[in-house]
Amino acid sequence: MHDLAIIGGGPGGYVAAGRAGAAGLSVILFEKNNLGGVCLNEGCIPTKTLLYSAKVLEYTQHADRYGVNVEAPAVDFGAVLKRKEKVVRKLVAGVKAQMKAAGVEVIAAEAEIRGRSGEGFSVVADGQEYVARNLLLCTGSEAVVPPIPGLREGLGGVVVTSREILSLSEQPAELVVIGGGVIGMEFASFFNSIGTKVTVVEMLPKILGPMDDEISAMLQAQYARKGVAFQLGCKVTAVEGDTVVYETPEGETCRVRGDRILVCVGRRARLQGYGLESLGVEYALNPAGRPYGVKVDARMRTSVPGVYAAGDVTGFSMLAHTASREGEVAVNDILGVSDSMRYDAIPGVVYTNPEVAGVGVTEAEALQKGLDVSVLKLPMAFSGRFVAENERGEGACKVIVDNATRTVLGVHMLGNPCSELIHGACLAIEHKLTVKQLQETVFPHPTVSEILRETVSGLR
Ligand code: NAI
């Protein structure tokens, strides 16, 4: 019998497996596709590879602004996709090596849970039964394809999800993106940069749902200037072949066509198809009473002792870094190490150009919760390094401070490379740093990171 069986080798599963294996547990990890999960194979990593190619193109197109002449930069779509595959292959091999080093037994097959078996839980893969004392569910999520007439019928043809769009045989001339969330904006950014005509149709009056309103609006304005058409407050009502039909807030019916239609209106936890029901775990329910994930406590324990869940399968905070931390918390519980999951300092990053990054409460949330806060704001131009490196670049840093404790509750940024700076704000929030402590911390100069300290510098 194994100490721990993990189903799913994404950032929740493989990080947990590595940690458990290194701590001396006998671990078995089931993965039916490549190790690394959606994040490494068809999410975070391939998209960042594509977006970096787009960034290089943009830099070269605007090189003259920096006194450098580059003649006719052009994108080679096939070469961009090939590079993406190379990066993915390299990282998958890295995860494989990590599993080996931690003594994790990896089963490259689809696992099916068969419920309890004596002291443990039974999992069958490739006709063989494995029993483990503890079970960690890291089965992830899948793209939602809503029941919009004509949408599902178009899948596999004009309509694509974030998976298929990563391996198109040719660059679309026109792309319609349904859903202006994180995935929608990252693909809109990539295709806009390489010259595709992009239209984003978003149901809400803003892009990037939960991200700070002002920062989202600034990003939208920049992309509108770059040529992306935004149809906000517009609900898609039908897809007719290559045409998306939507209703405007004024009740008008409009149409926009694309060579491809990308549907990215959210993801849902994977709860079916692998015998989960045999365990009898409780589900987390939405207000309509429908299950949206496996219910867990702060130690990632489900309602069945010995069964844990981490990552997208829990149905909330669907981010790779959340999954990895949740996996660690679950393993620590199995090892008897005191640990618990906290969600108030989990950063969100959108890898557009410029990047968006945020952590903690937004101004709108603070208002909604009736929090007594100060909102401090500075344009990124207050950072010398930002000005030196971002000709015509715009950006901002916003810090939300609790008036009673003077601790930082939220930080939201627009401007490169805020994806690489936001962890400073995560530390401040996670460890409840006061503004005074931030002010007394020496930041390297000149760096864009100084913007955080600068933004709070005036607060007494
Ligand atoms: P999302 O929830 O971020 O955005 C979906 C958007 O679709 C929402 O703004 C929603 O209002 C809109 N929508 C829904 N139905 C619609 C309709 N009928 N017509 C028009 N608009 C409609 O979901 P998304 O972008 O698919 O991402 C899925 C998950 O993956 C998220 O949890 C996200 O956090 C995660 N992710 C994170 C990334 C990152 O951290 N950089 C990158 C990619 C994904």
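The model is predicted, so local features need pLDDT of at least 70 and side-chain atom pairs count only at pLDDT 80 or more, while totals for chains, interfaces and linings use all residues. Residues are numbered from 1 along each chain as its sequence is written, and side-chain values use heavy atoms, with hydrogens and water left out.

Around the ligand sit 22 residues, each with a heavy atom within 4 Å of it. I183, E186, E202, G266 and V349 are the closest. By type, the shell splits into 15 nonpolar, four polar and three charged residues (Ala, Val, Leu, Ile, Met, Phe, Trp, Tyr, Cys and Pro count as nonpolar, Asp, Glu, Lys and Arg as charged, the others, Gly among them, as polar).

A ligand oxygen is 2.9 Å from a polar backbone atom of G266, and a ligand nitrogen is 3.1 Å from an N or O atom in the E186 side chain. Of the 850 Å² of accessible area that the ligand has on its own, the protein covers 80% (Shrake-Rupley method, 1.4 Å probe).

Leaving aside neighbours within four places in sequence, R260 is in contact (heavy atoms within 4.5 Å) with G157, V158, V160, L168, P172, E174, L175 and V176.

Terms used:
Polar contact = N/O pair within 3.5 Å; in protein donor to acceptor, adjacent residues only side chain to side chain.
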